[in-house]
Amino acid sequence: MYLISRGTSIERISGYTRNMSSICAPAQDTESTLRSTLILLFEESEEIRSTLVPQLLALLGSTFSLSHSSQAYDIINQSICLIHGWNPDLQARFIAGHPRIGETRNLSVLSSKEQSGGLTAAAPTPPEVLLRLQHLNACYERVYPGLRYITFVNGRSRAVIAEEMEDKLGIAHSLSPDQPPLEGLTPVEANSSIWLAELHRAVEDIGHIAKSRLEKVVREGILQFEKRAVQCTMYPVFTPSASTPCHYYMYTDIEERDLKNERHIGIRYNKLQRIITPVVGNKYAQVM
């Protein structure tokens, strides 16, 4: 760390700031960071890699960096808007990246937690419920050809989701593994208004799932945001006096545009990095 005298001028502090690049962690590659974040929140799909990531990069610009959870939340909203604009076939392939309700194998860690509905290995989903869900998935995919049933589980059990699927399909609640017969169900025409409405609902629910996941992975430390130090600038929060220390803050290239006029002690701490912390009665301030 650097030690800076309390009497150091703003010009000299700016010089120290330019040298901070050697001690600030380098930013990860923007494209790979965005791609891995989207896969974590949306599940793996080729459509994320080939379509969504390029569209987002074009929208966000070359200076974009993912440095705060609020940015990830905004990216989820922007992604859902972009996905709604894709052709229906591409949207259908995207939602197929999510596992079917009731699947127990080859699930991501987040999908496994979501589908368990709070149940553990000691108290798993009853096998008759899993068999019922397997049949209901087949029923749904016959009625809505080309679509996969997606729903925001939100802590509900698989048994409750099975009843939701039955209501969606207009069939009686049951634990039968093979009723009603698939051949007795009438398919909805692909790209019809009913089919498109169901596709739209599925994409919206994927957005709800992603936002719920974001809260969990940030809380649990699974997703950590990169720290950028690009074109850093020091700004005094208030004028120093004999009895009052002067706090300086460093803004990144993106944060500076939003915060450079908010030079007061009530500044939004979640959008900045405090770099210099003066101590009253000590002539030195530490650059961390």
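Which residues is Ile-95 in contact with, leaving aside its neighbours within four places in sequence? Select Ile-95 and look. This is a predicted model.

**The core**

Now widen the selection. Ile-95 belongs to the largest nonpolar core, which has 51 residues. Along with Leu-38 and Phe-42, Ile-95 has the most contacts inside this core. Colour the elements that give two or more residues to it: helices H2 (30–42), H3 (46–60), H4 (69–84), H5 (88–95), H7 (127–143), H8 (158–169) and H9. Pick out H9, which gives the most, with nine residues. In soluble globular proteins, nonpolar side chains tend to be buried together.

**Asp-205**

Stay on helix H9, residues 193–219, and select Asp-205. Is Asp-205 buried or exposed? Its relative accessibility is 13%, so Asp-205 counts as buried, the limit being under 20%. Next, show what Asp-205 touches beyond four places in sequence: Ile-150, Thr-151 and Phe-152. Draw a distance from the side chain of Asp-205 to the backbone nitrogen of Phe-152. A polar atom of that side chain lies 3.1 Å from the nitrogen.

**The second largest pocket**

Move to the second largest pocket, which holds about 240 Å³ of space. Select Glu-114, Gln-115, Thr-151, Val-153 and Ile-209, the residues nearest its centre. Thr-151 is also one of the residues that Asp-205 touches. Show the whole lining of 20 residues. Colour the lining by type: seven residues are nonpolar, nine polar and four charged.

Technical notes: Residues are numbered from 1 along each chain as its sequence is written. This is a predicted model: local features need pLDDT of at least 70, side-chain atom pairs count only at pLDDT 80 or more; totals for chains, interfaces and linings use all residues. Side-chain values use heavy atoms; hydrogens and water are left out. Helices (H or I, at least four residues) and strands (E, at least two) are DSSP runs, numbered from the N terminus. Buried means under 20% relative accessible area, exposed over 50%, partly exposed in between (1.4 Å probe, protein chains only). A polar contact is a pair of N or O atoms within 3.5 Å; within protein, one must be able to donate a hydrogen and the other to accept it, and residues adjacent in sequence count only if both atoms are side-chain atoms. Contact means heavy atoms within 4.5 Å. A nonpolar core is a set of buried Ala, Val, Leu, Ile, Met, Phe, Trp, Tyr and Cys residues joined through side-chain atoms within 4.5 Å. On a 1 Å grid over the protein atoms alone, a cavity is a set of points where a 1.4 Å probe fits but cannot get out, and a pocket is an open set with protein on both sides within 12 Å along at least five of seven lines; lining residues have an atom within 4 Å of a point. Grid points are joined across faces, edges and corners, and a volume is the space filled by probe spheres set on the points. Ala, Val, Leu, Ile, Met, Phe, Trp, Tyr, Cys and Pro count as nonpolar, Asp, Glu, Lys and Arg as charged, and the others, Gly among them, as polar.
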